[in-house]
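These are my notebook entries on a structure I looked up residue by residue. I set down what I searched for and what I found.

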Amino acid sequence: MAPEQTGRESGTPEVKRGLARMLKGGVIMDVVSADQARIAEEAGAVAVMALERVPADIRAAGGVARMAPVTRIKEIMAAVTIPVMAKCRIGHFVEARIEEALGVDYVDESEVLTPADETHHIDKNAFTVPFVCGARNLGEALRRIAEGASMIRTKGEPGTGNIVEAVRHMRLIQGQIRSLASMDEGEWFVAAKEHAAPLDLVVEVAETGRLPVVNFAAGGIATPADAALMMQLGADGVFVGSGVFKSEKPEAFARAIVLGTTHYDDPDILARVTEELGTEEAMKGLDRLAAEELMQTRST
Amino acid sequence: MTRIHDLPRPGDPAVRESTPRTPAEIALAPTIGVLGVQGDVSEHAAALERAGARVVWVRRPADLDSVDGLVLPGGESTTLRRLLDFEGLLDAVRRRGEEGMPMFGTCAGAILLATEVAGAPVPHLSLVPMTVARNAYGRQRESFAADLAVEGLEGGPLHAVFIRAPVIEEVGEGVEILARERGDIVLAETDRALVATFHPELTADDRLHRRFLAKVRAASARR
């Protein structure tokens with residue numbers, strides 16, 4: 001018989017970043033109830049995000065958007081066996097501590113909620129629970145990673161069902177990584193200054209040609225084709241917020257978006273999966289927003 | 001299909017050391033499939049390439065045609081099951097397993113291989129006689145890393161990352177226990193399969209991938 005071992009390390013970057021790696025190629029779905037969580041799990045979601053309202057309804061409702069009610073988060077955690085994430089307000093480290101105490105598997109420090117601190121994000125290195133944060137460009141992604149984010153998602157524009165901002169952010173980040181990877185070593189210092197990011201992380205990206213953590217796409221994904229587009233642009237997986245439960249047929253859209261994410265480079269499967277949706281409509285969506293209505297520019 | 005940004009880069013010392021380069025090395029390298037529908041597929045692909053294999057991503061039944069062995073990666077087992085049910089991939093993988101093709105399952109992959117999953121009415125691939133319990137340690141905050149002493153593995157303790165990990169509660173005939181963590185079975189093998197409840201693909205230590213390749217070579221030699 002093999003001898004036994006003791007010492008365990010938890011909450012290390014390896015353990016926190018590791019869970020995000022297990023979610024790759026998958027779809028993380030926003031849910032506001034235990035029933036929706038079960039629909040998401042049944043459709044093949046890799047995780048659910050517990051919320052009080054999906055982003056489209058947050059826009060419609062107005063007012064201050066906060067973390068979801070604790071009873072709601074607990075109901076959702078009890079309903080499914082896949083990981084449960086929950087959002088907290090940017091800079092609101094007490095909401096994050098509450099979610100950590102509840103045992104949520106990932107905390108999303110999210111621009112979808114009303115920011116609590118317009119200057120400082122949460123010091124995420126101080127937590128055992130891993131965090132995911134939004135980013136619109138490489139510098140923003142690296143600042144969040146320096147603060148301890150174990151996973152990044154491009155911000156897109158939440159609650160719009162419009163993919164254009166997600167595409168803009170993913171193309172920009174991928175392009176900035178490629179540019180960094182092709183630089184002469186002597187150019188890294190100014191690159192760090194221009195990205196307003198720590199030099200060690202800039203060097204790591206330059207040397208490896210990739211972010212040190214997983215990068216999902218978010219903010220505007222409403223169809224299987226949208227999900228496949230983001231995967232082809234280099235996303236490691238996708239978040240779907242309003243796109244599932246604001247569609248005419250959530251079960252069908254959830255399953256189709258999961259299959260579209262897995263088979264993102266197979267046009268025959270994508271055609272079939274999309275055809276199976278028939279004439280069911282995706283969420284209606286918004287094609288334009290005024291600058292003050294944008295969530296992506298909140299605290300960067 | 002492996003995306004370019006997931007591949008080990010040419011400058012990586014481990015790649016220079018062991019990736020097959022000469023025509024003879026390439027001809028002799030076994031082809032290993034990694035179930036590529038969801039999970040940490042590229043991490044396994046990189047480890048296998050460092051250990052000297054050619055790698056194919058398996059997402060449709062036809063992708064299995066060219067492979068000598070299959071890795072079932074970490075991921076979400078319920079998601080993997082949904083995706084395996086699409087287009088008959090589950091049956092195709094099970095058939096190859098029953099024909100004796102070696103398989104290596106890590107975490108969710110170990111759950112897929114078990115003949116029994118505690119609390120679940122039916123198992124998935126049902127290829128390795130063992131009972132597995134899902135999320136056995138609790139939620140993510142209970143995830144951890146630990147160094148394991150592994151039976152018959154040269155080179156000292158193995159650093160193992162356990163993420164929302166299962167445990168192997170019981171093993172059946174023909175299954176040898178290779179490592180325990182605080183008493184729980186976390187690594188086991190048969191002549192055709194290797195199962196770990198942790199993630200060797202998340203570390204730079206490729207010893208278990210090399211052990212799996214040895215199984216694949218032995219199985220090919222027997223044919």
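**Entry 1: a glutamate in chain A**

I began with Glu140(A), which has its place in helix H6, residues 138-146 of chain A. I note at the outset that the model is a predicted one. Is Glu140(A) buried or exposed? I found a relative accessibility of 1%, so Glu140(A) counts as buried, the limit for that class being under 20%. I then asked which residues Glu140(A) is in contact with, leaving aside neighbours within four places in sequence. The list reads Gly134(A), Ala135(A), Lys155(A), Ser299(A) and Thr300(A).

**Entry 2: helix H13 of chain A**

I next looked up helix H13 of chain A, which spans residues 267-276. Its buried residues include Ile269(A), Leu270(A) and Val273(A). These residues cover an arc of only 100 degrees around the axis, and therefore they lie on the same side of H13(A). On the face turned away from that buried side I found the exposed residues Pro267(A), Asp268(A) and Glu275(A).

I then asked what the buried residues of H13(A) pack against. The partners are two helices of chain A, H10 (224-232) and H12 (250-262). Just after H13(A), I noted a positive phi of about 55 degrees at Gly278(A).

I recorded two residues other than glycine with a positive phi, one in each of chains A and B. For Ala196(A), phi is about 50 degrees. Ala196(A) sits in the loop that links helix H8 (188-195) to helix H9 (199-208) of chain A. With a relative accessible area of 46%, Ala196(A) is partly exposed.

For Arg164(B), phi is near 40 degrees. I located Arg164(B) in the loop between E8 and strand E9 (167-171) of chain B. Arg164(B) counts as buried, at 7% relative accessibility.

**Entry 3: the interface of chain B and chain A**

I turned to the contact between the two chains, to which chain B gives 50 residues and chain A gives 58 residues. Between them the chains bury about 4,600 Å², of which 48% is on carbon and sulfur atoms. Which residues of chain B lose the most area to chain A? They are Phe86(B), Arg139(B) and Arg141(B), which together make up 14% of what that side buries.

I counted 28 residue pairs in polar contact between chain B and chain A, with both residues at pLDDT 80 or more. I also listed the elements of chain B that give two or more residues to the side touching chain A. These are helix H3 (41-50), helix H4 (77-84), strand E7 (144-148), strand E8 (158-162) and strand E10 (176-181). E7(B) provides the largest share, five residues. By class, this side of chain B divides into 15 nonpolar, 15 polar and 20 charged residues.

**Entry 4: salt bridges**

Side chains of opposite charge can pair when their charged atoms come close. I searched the whole structure and found 32 salt bridges over all chains. Across the interface of chain B and chain A, the rule gives nine salt bridges.

I looked up individual cases. The side chains of Asp265(A) and Arg59(B) meet in a salt bridge at 2.9 Å, N to O. Glu87(B) and Arg272(A) likewise meet through their side chains, at 2.8 Å, N to O. Glu87(B) lies in the loop between H4 and helix H5 (89-98) of chain B, while Arg272(A) belongs to helix H13 of chain A, so this pair joins two chains. Glu87(B) counts as partly exposed at 30% relative accessibility, and Arg272(A) is partly exposed with a relative accessible area of 33%.

Within chain B, Arg141(B) forms a salt bridge with Glu142(B), and their closest N and O atoms are 3.2 Å apart. Arg141(B) is partly exposed at 35% relative accessibility; Glu142(B) is also partly exposed, with a relative accessible area of 31%.

Definitions and conventions
Residues are numbered from 1 along each chain as its sequence is written. Chains are lettered from A and ligands numbered from 1 in the order in which they are written. This is a predicted model: local features need pLDDT of at least 70, side-chain atom pairs count only at pLDDT 80 or more; totals for chains, interfaces and linings use all residues. Side-chain values use heavy atoms; hydrogens and water are left out. Buried means under 20% relative accessible area, exposed over 50%, partly exposed in between (1.4 Å probe, protein chains only). Helices (H or I, at least four residues) and strands (E, at least two) are DSSP runs, numbered from the N terminus. The arc is that of the directions from the helix axis to the C-beta atoms. Contact means heavy atoms within 4.5 Å. Buried area is the accessible area (1.4 Å probe) that two parts lose on being put together, summed over both. A salt bridge is a side-chain nitrogen of Lys or Arg within 4 Å of a carboxyl oxygen of Asp or Glu. A polar contact is a pair of N or O atoms within 3.5 Å; within protein, one must be able to donate a hydrogen and the other to accept it, and residues adjacent in sequence count only if both atoms are side-chain atoms. Ala, Val, Leu, Ile, Met, Phe, Trp, Tyr, Cys and Pro count as nonpolar, Asp, Glu, Lys and Arg as charged, and the others, Gly among them, as polar.
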